[in-house]
Amino acid sequence: MSIIDETRFIERLHFFDGQRLVASDLQGLEEFNREMRRMHNMCLHQHGVGSGFAVSGEKGDREVTIGPGYAIDSLGREIILTQTEVLAIPPDAGDKGNSSFYDLTVSYPQDSALEEAETRDGICLPRGAIRLREAPIFCWVELSGENFIPTKSKLVTDLQTGLKIRLARVEILNCRLNARVSVALRDNARPEVTPYVAAGFQQVLTVQNFPLPLPIFTDPRVRTRVIIDTIDTSAASFLATPEYMAHITGPRRFDVGSRELAIFDQFSITSSAKDKFEILDLIFLVPNRPTSLSQPMTDAEVNEVVSQISKKWEVVWMGVER
């Protein structure tokens with residue numbers, strides 16, 4: 001029974017000068033802090049590997065190498081490996097020439113199985129342990145069938161409930177690895193990071209005269225304009241500059257007087273930040289009906305089209321923050 005269960009309340013241990021302390025007082029302080037940390041882990045984190053525990057092994061090897069790491073089981077207990085561990089693979093020859101599969105798991109040791117790391121003599125009392133080593137327990141779980149189910153039901157339960165943490169999967173034939181160790185199915189304490197996606201739109205405000213003279217623009221039948229605008233994305237609350245994708249929506253043909261004008265545009269994003277991005281859209285206005293191709297557009301016609309663009313065009317965008 002835990003110290004929290006015994007007291008039924010959260011009590012802060014308090015000491016005073018001259019107090020006579022016994023082992024249970026100090027042990028209660030250590031146990032209380034340990035249980036509060038486990039409660040935090042269990043309530044706010046999912047079980048699995050938090051860091052490290054890299055497992056490596058190549059085809060033909062008879063052993064795997066496990067790097068230092070930190071993991072949490074479903075009871076909030078911290079499983080820590082402080083130095084590299086080399087572990088022999090199961091001595092399995094396979095089944096009629098077919099490979100056998102195993103999952104490598106790690107778990108927290110039972111309190112009764114903790115190794116005494118240091119002992120001291122007591123004053124007028126027998127020698128006792130003052131340090132217990134919390135070494136992780138590694139276990140090979142044999143798998144069977146097309147779905148790779150553990151052969152022992154108890155191990156199935158331990159894996160499903162998070163008492164055992166899956167680190168890697170191996171394929172064994174003739175007592176050797178028949179393929180490189182796979183860590184694709186390991187249990188991770190950190191949830192997978194998915195991209196943050198946000199989207200929005202903004203109306204085009206201003207259409208300007210194009211400032212750069214290019215040879216194609218000397219054709220009197222083609223009139224040019226440009227949209228240079230700043231698109232505000234602060235409402236998305238990106239933490240870093242995302243990858244922006246954007247385009248302009250709206251009609252590309254306008255009836256002006258007795259003829260129809262067509263618009264072709266070339267859109268690009270020129271710069272970006274976490275709360276905005278800049279756009280440049282080159283606009284080409286040309287008569288669309290063959291009977292009027294030889295007639296240059298008048299300023300009045302161009303101004304009418306520009307007015308319609310400002311009312312009907314919008315910049316639609318999406319940002320992906322990875």
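This is a predicted model: local features need pLDDT of at least 70, side-chain atom pairs count only at pLDDT 80 or more; totals for chains, interfaces and linings use all residues.
**Exercise 1. Classify the ring pair of tyrosine 196 and phenylalanine 238.**

Step 1. A pair of aromatic rings is described by the distance of the centres and the angle of the planes.

Step 2. Read the values. The centres are 5.4 Å apart and the planes meet at 65°.

Step 3. Apply the cut-offs. Rings pair if their centres lie within 6.5 Å, and planes over 60 degrees apart count as edge-to-face. The angle here is 65°, so the pair of tyrosine 196 and phenylalanine 238 is edge-to-face.

Step 4. Place the residues. Tyrosine 196 belongs to strand β14 (residues 196-203). Phenylalanine 238 is in the loop between β16 (223-232) and β17 (243-249). The two are 42 residues apart in sequence, so the pair ties together separate parts of the chain.

Step 5. Tyrosine 196 has a relative accessible area of 36% and is partly exposed. Phenylalanine 238 has 5% and is buried.

**Exercise 2. Classify the pair of tyrosine 244 and phenylalanine 277, then set it in its cluster.**

Step 1. Read the geometry. The distance is 4.6 Å centre to centre, with 40° between the planes. The pair is tilted.

Step 2. Locate the partners. Tyrosine 244 lies in β17, and phenylalanine 277 in β20 (residues 276-287). They are 33 residues apart, so the pair links distant parts of the chain.

Step 3. Check burial. Tyrosine 244 and phenylalanine 277 are both buried.

Step 4. Widen the view. The structure has seven aromatic pairs. Ring pairs link a cluster of Tyr196, Phe238, Tyr244, Phe277 and Trp317.

Step 5. Tryptophan 317 of β21 is the bridge partner of alanine 246. β17 and β21 pair antiparallel over seven bridges. β14 is also joined to β21 (residues 314-321), by eight bridges. There, glutamine 202 partners valine 315.

Step 6. Note another ring contact. Arginine 252 lies over the face of tryptophan 313, 4.4 Å from the ring centre.

**Exercise 3. Which residues of strand β3 are on its covered face, and which on its uncovered one?**

Step 1. Recall the pattern. In a regular strand the side chains alternate between the two faces of the sheet.

Step 2. Assign the faces of β3 (residues 63-66). Val64 and Ile66 form the covered face. Glu63 and Thr65 form the uncovered one.

Step 3. Find the β2 partner. β2 (residues 55-56) pairs antiparallel with β3 over two bridges.

Step 4. Inspect the turn. β2 and β3 form a hairpin with six residues between them. Glycine 60 in that turn has a positive phi of about 95°.

Step 5. Find the β6 partner. β6 (residues 85-88) pairs antiparallel with β3 over four bridges. Glutamate 63 stands opposite alanine 88.

**Exercise 4. Describe the lining of the second largest pocket.**

Step 1. State the volume. It is about 230 Å³.

Step 2. Count the lining. There are 15 residues. Nearest the centre lie Ile80, Thr82, Glu134, Ala135 and Pro136.

Step 3. The lining holds five nonpolar, two polar and eight charged residues.

Step 4. Trace the elements. α2 (23-44) and β5 (78-81) are those that give two or more residues to the lining.

Conventions. Residues are numbered from 1 along each chain as its sequence is written. Side-chain values use heavy atoms; hydrogens and water are left out. Rings of Phe, Tyr and Trp (its six-membered ring) pair if their centres lie within 6.5 Å; planes under 30 degrees apart count as stacked, over 60 as edge-to-face and the rest as tilted. Buried means under 20% relative accessible area, exposed over 50%, partly exposed in between (1.4 Å probe, protein chains only). A charge sits over a ring if NZ of Lys or CZ of Arg is within 6 Å of the ring centre and within 35 degrees of the ring normal. On a 1 Å grid over the protein atoms alone, a cavity is a set of points where a 1.4 Å probe fits but cannot get out, and a pocket is an open set with protein on both sides within 12 Å along at least five of seven lines; lining residues have an atom within 4 Å of a point. Grid points are joined across faces, edges and corners, and a volume is the space filled by probe spheres set on the points. Ala, Val, Leu, Ile, Met, Phe, Trp, Tyr, Cys and Pro count as nonpolar, Asp, Glu, Lys and Arg as charged, and the others, Gly among them, as polar. Two strands pair if DSSP finds at least two bridges between them.
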